[in-house]
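Here is a short briefing to read alongside the model. Keep the viewer open and follow the topics in turn.

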Number of protein chains: 2
Amino acid sequence: MTTPENKTSTPTIGVFDSGFGGLTVLRALLNHMPHARFAFIGDTARLPYGSKSQRTIARYAAQSARFLVNEQGAEFLVIACNTASALALDAIKQAVPVPVLGVIEPGAEAARAASRTGDVLVIATDATVQSHAYAAACRTRGLRALEKACPLLVPLVEEGWTETGAFAAQAASAPPQVAASPQVAVTAEVVRIYLTELNAEAAALGMNPDTLVLGCTHYPLLRSLIERAVPSGMRVIDSAESAAEAAVRLFGQQNSEDLPSAPQSLRCFATDSVDKFERLGSRFLGRPVGKVELVDLGG
Amino acid sequence: MTTPENKTSTPTIGVFDSGFGGLTVLRALLNHMPHARFAFIGDTARLPYGSKSQRTIARYAAQSARFLVNEQGAEFLVIACNTASALALDAIKQAVPVPVLGVIEPGAEAARAASRTGDVLVIATDATVQSHAYAAACRTRGLRALEKACPLLVPLVEEGWTETGAFAAQAASAPPQVAASPQVAVTAEVVRIYLTELNAEAAALGMNPDTLVLGCTHYPLLRSLIERAVPSGMRVIDSAESAAEAAVRLFGQQNSEDLPSAPQSLRCFATDSVDKFERLGSRFLGRPVGKVELVDLGG
């Protein structure tokens, strides 16, 4: 907890996800904010949120938000979960007295900045697509969005059938690589099938999309495969990266230059499945997650 | 509810699953028992069971079991869910005063009957493998079992990336087919990768497996793909089919020949997600599931 006695210019950022996919958002935040304290909680005991009612999701997310603010001293919250961002952002804002940022608005804003045609594609989980939160956020920005659920991508990432160092090869200019293994070849083919279907649907609707939004926190691990599968010239927007950049703009300004800054620090919490979190989390975070602490948020 | 006034020789069988994969077990039961009433409940509001504690699974499964017996008049229960069979069978037996059959013992028994070498392979979900219930059931029968989790197969089946009429092409003698679509080719390749890995692990352990158990109720929809991917001569055991055959042996005998028999009937219940159940269920059941009734089992 930050008290007046130990106050520094080092902000404490709370990051919340229903699982550990949001570690890709945390990863981007760590890169952008070298002098912040971070507390991450994954509500792994109660995932997946996608199959639950809006009321239940709001209640669960508010519990995690209060834990980050009241127990960990978070001064800002980043909701690194597309489902909670889509369905529970208002409830979280009401539950805690600190600024709260979701992943959907920054993703849509980045799409607005990137798109020239005004036609945007969004890939996400079934729950996020059913909420149509990206389509709504795009519409308020004058964009037309076509969303597609890609249910196989999360299990492929969690199975580890991705390229090693996919993060390192993020740049669109990265040279095409030969698929390293039969497993990665499967993932590349699944990505190709989904994007072919999505582009065909867009063409049938008379759209001319030039931007693809990755609307799931697992998808950054597939970014280089996705960039090789999209039509030439299509921009790929990573909503995890967009959310981190928005967080820097919103929260970075609030640092006082007059106070000493502390080194970056990170604590990770989970409500269950600490083993899976520790085992898979490092691939999402791009560095060891270290010891994950188990917390009980109650009912 | 079966009362003495309307008693016939028609038994009422209750079938329980955490989702709708157990419809493959129900499908086999419908084929084997043309004069039974069936009530199926999928506890879709609370799936997946695999990530929950044994105590929670036992409590949830007992609620569904009591619904089938007390509200639907089931005289026998089939637990068409590998996780619940592995972790909650005793709790269910204590919760209801009727005979209860799981899917794991019949699958292991069929493997015992099929295997000459005594070495058996089992593919299942992560939760079922972690319970080691198949290995234990095989060990008591003098078999050595090697289990492998195949987390991508359930989402591939639920995405519909399977062969149309896979059930019709179940026979091992079915001629190899050219994969009908890029989607089915992906699934075939995933099956090949998993089985290649499993056979390599078995060889490294000095095993000589001749039997493969499908330890997940989704896998019968992949049976023809799996049969084409196993080494020549390997028997494929479908635990859904084995459970149905065991149910006929156990429950079929209890019909009285002196009473009239009623035509087969079926009611399906779910605790949530009726849409997905109705949309996907027919592929598992091999016939229309009809109207799925929503029930609230409480906490």
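Helices (H or I, at least four residues) and strands (E, at least two) are DSSP runs, numbered from the N terminus. On that basis, chain A has 12 helices and 10 strands. This is a predicted model, in which local features need pLDDT of at least 70, side-chain atom pairs count only at pLDDT 80 or more, and totals for chains, interfaces and linings use all residues. Residues are numbered from 1 along each chain as its sequence is written, chains are lettered from A and ligands numbered from 1 in the order in which they are written, and side-chain values use heavy atoms, leaving out hydrogens and water.

**Chain A as a whole**
- Of the 299 residues in chain A, 55% are buried (under 20% relative accessible area, with exposed over 50% and partly exposed in between; 1.4 Å probe, protein chains only).
- Contact means heavy atoms within 4.5 Å; among contacts in chain A between residues at least 6 apart in sequence, 77% join residues at least 24 apart.

**How the two chains relate**

- B:Ser18 sits in the loop between β1 (12-17) and α1 (23-32) of chain B.
- B:Ser18 counts as buried because its relative accessibility is 11%.
- Leaving aside residues up to four places away in sequence, B:Ser18 touches B:Gly42, B:Asp43, B:Thr44, B:Leu47, B:Tyr49 and B:Cys81.
- α1(B) is mostly covered, with 7 of its 10 residues buried; among them are B:Leu23, B:Val25 and B:Leu29.
- The cover over the buried residues of α1(B) includes β2 (37-42), β9 (265-270) and α11 (274-285) of chain B.

**A helix pair in chain B**
- Helices α4 (residues 104-114) and α10 (residues 239-251) of chain B pack at an angle of about 100°, with their axes 8 Å apart (axes are lines fitted to C-alpha atoms over the stretch in contact, and angles run from 0 to 180 degrees between N-to-C directions).
- That makes α4(B) roughly perpendicular to α10(B) (65 to 115 degrees; under 35 is roughly parallel, over 145 roughly antiparallel, and the rest oblique).
- B:Pro106, B:Gly107 and B:Ala110 of α4(B) meet B:Ser239, B:Ser242, B:Ala243 and B:Ala246 of α10(B).
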